Amino acid sequence: MDRRTVLKGLAGAGGLALTGLSAPAIAQGASARTLRFVPQANLANFDPIWGTQYVVRNAAALVWDTLYGIDSSLQPQRQMVESEETSDDGKTWTFKLRPGLKFHDGEPVLSKDVVASLSRWAARDPMGLMILANQQELTVVDDRTFKWVLKQPFPKMLYALAKNNAPCSFVMPERIAKTDPFKQITEYVGSGPMKFAKGEWVPGAKAVFEKFADYVPRQEKASWLAGGKQILVDRVEWIVMPDPATAAAALQNGEVDWWENPIADLVPVLKKNKNISVDIGDPLGNIGSFRMNHLFAPFNDVRARRAVLMAMSQEDYMRAIVGDDNALWKALPGFFTPDTPLYSELGGEILKGKRDLDAAKKLLAESGYSGQPVTCLVAQDQPITKAQGDVTADLLKRLGMNVDFVATDWGTVGSRRAAKTPPGQGGWNMFHSWHAGADCITPAAYTAIRANGEKAWFGWPNSPNTEKEITTWFDAKNIEEEKAAIGRVNKAALEDVVYAPTGFFLTYTAWRKNVSGITKGPLPFFWGVSKSA
Amino acid sequence: MLSYILRRIVATLPVMAIVALFVFSLLYIAPGDPAVVIAGDQASPEDVERIRQSLGLDRPFLVQFGGWVWRILHGDLGTSIFTNLPVSAMIGQRLGPTLSLMIVTLLLTIVVAVPLGVVAAWKAGSLIDRVIMGFAVFGFSLPVFVVGYMLAYIFALELEWLPVQGYTPLTQGFWPWLENLILPAIALGCVYIALVARITRAAMLEVLQQDYIRTARAKGLGQGGILFIHALKNAAVPIVTVIGIGIALLIGGAVVTESVFAIPGLGRLTIDAILRRDYPVIQGIVLLFSFVYVLVNLMIDVIYTLVDPRIRY
C-alpha cells in the first residue's frame with residue numbers, strides 16, 4: 001500500500017465522520033471508458049458557425065456531421081450523403097441523404113434540416129459566400145433529397161462541403177439552423193457520433209461528450225473527417241489547462257490521457273517518460289506570418305516590403321518558435337502547405353539562399369524610407385506571435401528601421417489590426433500571426449493570400465495578378481490546371497509581397513501508452529481511439 | 001450592533017455602484033474588442049462589425065452602461081458574450097472551487113501561522129524565533145506559482161501522493177474534495193502564513209511586555225494559559241485585521257493558483273474574461289468581489305467587538 005492510499009483511507013474515514021459523505025464507488029473499468037483530453041484552448045462557446053475558432057471546430061466535429069468529409073489524401077468523400085448528381089451544364093447539384101440518419105434528440109435528419117444548415121453556413125464561410133453569390137436556389141426535393149441550383153458551374157462544390165476549415169458545413173436541426181448566423185445557437189443537437197453533455201459544461205474548464213448510441217457509421221475505414229466514425233469509448237472529457245507545465249504533469253501522472261499540443265520546451269520531458277508517446281500531431285502543420293500594412297509608408301511601397309523579405313531569415317523565426325528540434329520546421333519559399341499536391345516554390349528565390357542585408361538596405365533606401373517609426377504590434381500572450389515579434393524587431397533594427405514595438409495582448413492586437421488609420425493615429429505597420437497548414441493547401445479557405453485591396457485581410461494588399469490567378473484556380477477543371485494556377489499565385493504573391501511567410505512549423509501531440517488509435521491530422525480525431533485500463 | 005450592520009450593508013451599495021461604473025468605464029476605454037476574438041483570426045472586418053452590432057457593442061457608452069445597471073437592478077447580471085450563458089450561472093459554477101480553496105487556505109493559515117507567531121514571540125531572539133522568521137521571509141518572498149510548481153513536482157509527480165490538478169465537489173466525498181485542494185492551499189497560503197505569523201509575533205511581543213502578563217506570571221499561571229488565553233486574546237485585533245485584509249490577497253493569489261493547478265474557479269474565469277473582453281462576466285465578478293470585500297471588512301469590525309469589549313459602535 002502506498003502513502004497516497006493510506007492518506008486517502010485516513011482522510012476518507014475522517015471525512016465520513018465529519019460530513020457523512022462518502023466518495024462514490026467507481027465502477028471497475030469506468031476509467032478505461034472515459035478518455036480525458038487536454039485541448040489546445042478553452043471551448044468558450046459552442047456554435048461552429050458563429051465563430052471560427054479551431055477549438056470549436058474540433059469539438060463540433062464530434063457532435064455534428066457533415067455532408068462530405070475530407071480524407072487524409074485531401075479528397076472530399078461522402079459522409080451523410082448517399083449520392084450526388086450534377087447536371088450536364090454543371091449548374092445543378094442534386095444530393096440524396098443516407099437513410100437512417102438521426103439527430104441526438106431522436107428526430108430523423110431531413111432535407112429541410114440540411115437546407116437550413118447550409119444556408120446558415122454559407123452566410124459565414126468564404127466559400128459559402130462564393131456559392132451564395134452564384135446561387136439560383138437551394139431547395140428541398142423530398143425528405144432525403146435536396147437541390148442546389150447555381151447560375152454558373154462551381155467545380156469546387158464538394159470540396160466546399162467537405163473542407164475542414166472553420167466554419168465547416170455542419171448539419172443541425174432546422175429549428176436551430178434558422179438562428180441568425182451572427183447570433184449564437186443555444187441548443188447543441190447534432191447527428192454526429194457523440195452527444196454534448198451541456199449540463200456538465202464548465203466553459204473555461206471542462207466539456208464532456210458522450211457516445212451517441214444511434215449513430216450509424218459508414219462502412220469505409222475512417223480517414224480524417226471521412227469514413228466510418230467508430231467511437232470506442234463511452235465518454236470523452238475535455239479538460240482545459242491554461243498552464244502547459246500543469247498539463248505535462250497531469251499527463252505524466254496519468255490524470256489525463258491525451259494532450260493535444262504540448263509546447264516544444266516540455267516535449268523532451270514527456271519523451272523521457274516510458275508511459276507516454278509523443279509524435280507530430282498535424283502533418284499539415286502551420287505557416288508563420290507577419291503582415292505589413294500596404295496602405296501606409298513605408299510598406300505601401302513594394303520595394304520596402306521586398307527589402308524585408310530579402311533580409312529576413314526564416315530559420316531565425318522558426319528557431320524562436322520551435323527551439324532546436326530540426327524535425328519541427330522547414331524553410332518555406334512560398335505560401336502554400338509543403339508536401340501537399342499543389343505546393344509550389346515558383347518565384348520563391350527572394351526567400352532562398354544567403355540573406356543579403358546590404359542589398360535590402362539599399363532597396364529600402366530606394367523606397368524612400370527616411371527613418372519614420374514602424375509600428376510593430378506583438379501579442380505577448382501568444383507565444384508564437386511573441387517569438388516572431390522579437391525576431392522581426394531585431395530584423396528591422398538591423399535594416400536601419402525605427403521600430404515602435406507595441407507589446408500588448410491578443411485582444412488588443414486583434415482589434416487594432418482592423419484600424420485603417422495611419423500608424424501614428426491608432427493604426428499599425430506590422431503584426432504577426434500564423435495559419436494552419438490545413439487552411440493553406442489551396443486558396444479556397446486561405447483568407448491571408450487574398451490580395452483584393454480593401455476587401456482583403458488585414459494589411460489590405462492589392463495585387464491584381466495574385467487575384468487573377470486565384471480566380472484561375474477556382475475555375476480549374478483538373479489537377480494540372482490547378483497546379484499551374486497555384487504556381488502563378490505563389491509567384492505573384494511573392495512579387496507583390498502579399499505578406500511575409502516566416503516558415504513552416506509542426507507541433508507535437510502526446511498521449512499515454514494505454515491509449516491507441518490516435519491518427520495524425522489537422523484536428524484531433526476521436527473515432528478509432530480506445531483506451532485500456 | 002444590528003442597526004450598525006444594516007447601515008454598513010446599505011452603505012455597500014453606493015460603493016459597489018462606484019466600483020461598477022469605474023470598471024465599466026475602464027473596460028469601455030481599454031483597447032481590445034470581443035467581436036474580434038469571437039470572429040476568429042480569419043474573419044473579415046465586415047464579419048467583425050456585424051458581430052459587434054449583434055452584441056450591442058456599437059452602442060454609445062451611456063446606453064450600454066444604462067442597460068447594464070437596469071438589468072442589475074432587476075437581478076440580472078447579464079449574459080456572457082462568449083458562452084451565451086447567464087453570468088450568474090457561470091459565477092455559480094465557479095464559486096464552489098474558489099470558496100473551497102479560500103476556506104482551506106484560511107484554515108491552514110490560522111492553524112499554522114498563529115501558533116508559529118506565538119511561539120516566535122515567546123522565544124523571541126532564540127534560534128527557534130530566527131528559524132520561524134526565516135521561514136516567514138522565505139514564504140513571503142516566493143511567488144505562488146514557484147511554490148505551486150515545486151509542490152506539484154515533489155508531491156504529485158515524484159511521490160505520487162496527491163493529484164496535480166482539478167477540483168472535485170464536496171458532494172463527491174470529503175477526501176476527493178480535500179485531495180485536490182491540499183497543494184493549491186499550501187501554495188496560496190505560503191505568503192499568507194508568513195504575513196500572519198509575522199504580525200502575530202509582533203502583536204504578541206507587545207502584549208507580552210504588559211504589566212498584567214507579568215502579574216499573571218507572578219501569580220504562577222502556566223505558560224500555555226498566559227500565551228493562548230491572556231496574551232493572544234489581547235493581541236487579536238491586529239491579527240484579525242491582517243487575516244481580513246489577507247482575504248483580498250487570497251482573491252488575487254487564487255487567480256494564479258487556479259491556473260497552476262487547473263482549478264475551475266473564479267480566478268481563472270476572471271482571467272479568461274479579461275483576455276477575451278467578456279464585459280458582462282468581468283462586471284459580474286468585480287461586483288461580487290467588491291461585495292465580498294465589503295462584507296469581510298464588516299465581519300472584521302464585528303469580530304473586533306468580540307475580542308475587545310472596549311470597541312463599541
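## Before you start

What you're looking at is a predicted model, where local features need pLDDT of at least 70, side-chain atom pairs count only at pLDDT 80 or more, and totals for chains, interfaces and linings use all residues. Residues are numbered from 1 along each chain as its sequence is written, chains are lettered from A and ligands numbered from 1 in the order in which they are written, and side-chain values use heavy atoms, leaving out hydrogens and water.

## Chain A: the build

Chain A has 15 helices and 21 strands. Chain A is as compact as a globular protein of its length, because its radius of gyration, 25 Å, is close to the 24 Å that the globule rule gives for 533 residues. That radius is taken over C-alpha atoms, and the rule is 2.2 Å times the number of residues to the power 0.38. Along the principal axes, the C-alpha trace of chain A spans about 80 × 65 × 40 Å.

The UniProt record, in an unreviewed entry, lists residues 76-421 of chain A as "domain: Solute-binding protein family"; such annotations may be inferred rather than shown by experiment. That span is 28% helix and 21% strand, and its end C-alpha atoms lie 42 Å apart.

## Chain A: inside and surface

Of the 533 residues in chain A, 59% are buried, meaning under 20% relative accessible area with a 1.4 Å probe, protein chains only. As for contacts (heavy atoms within 4.5 Å), take those in chain A with a separation of 6 or more: residues 24 or more positions apart account for 72% of them.

Chain A exposes about 20,300 Å², and carbon and sulfur atoms supply 52% of that. Such areas come from the Shrake-Rupley method with a 1.4 Å probe. Chain A also carries 61 positive and 58 negative charges, with mean positions 2 Å apart. Lys and Arg count as positive, Asp and Glu as negative, while His and the chain ends are left out; each charge is placed at NZ of Lys, CZ of Arg, CG of Asp or CD of Glu.

Chain B has 14 helices and zero strands. Its C-alpha trace spans about 85 × 55 × 35 Å along the principal axes, and 50% of its 313 residues count as buried.

Conventions:
Helices (H or I, at least four residues) and strands (E, at least two) are DSSP runs, numbered from the N terminus.
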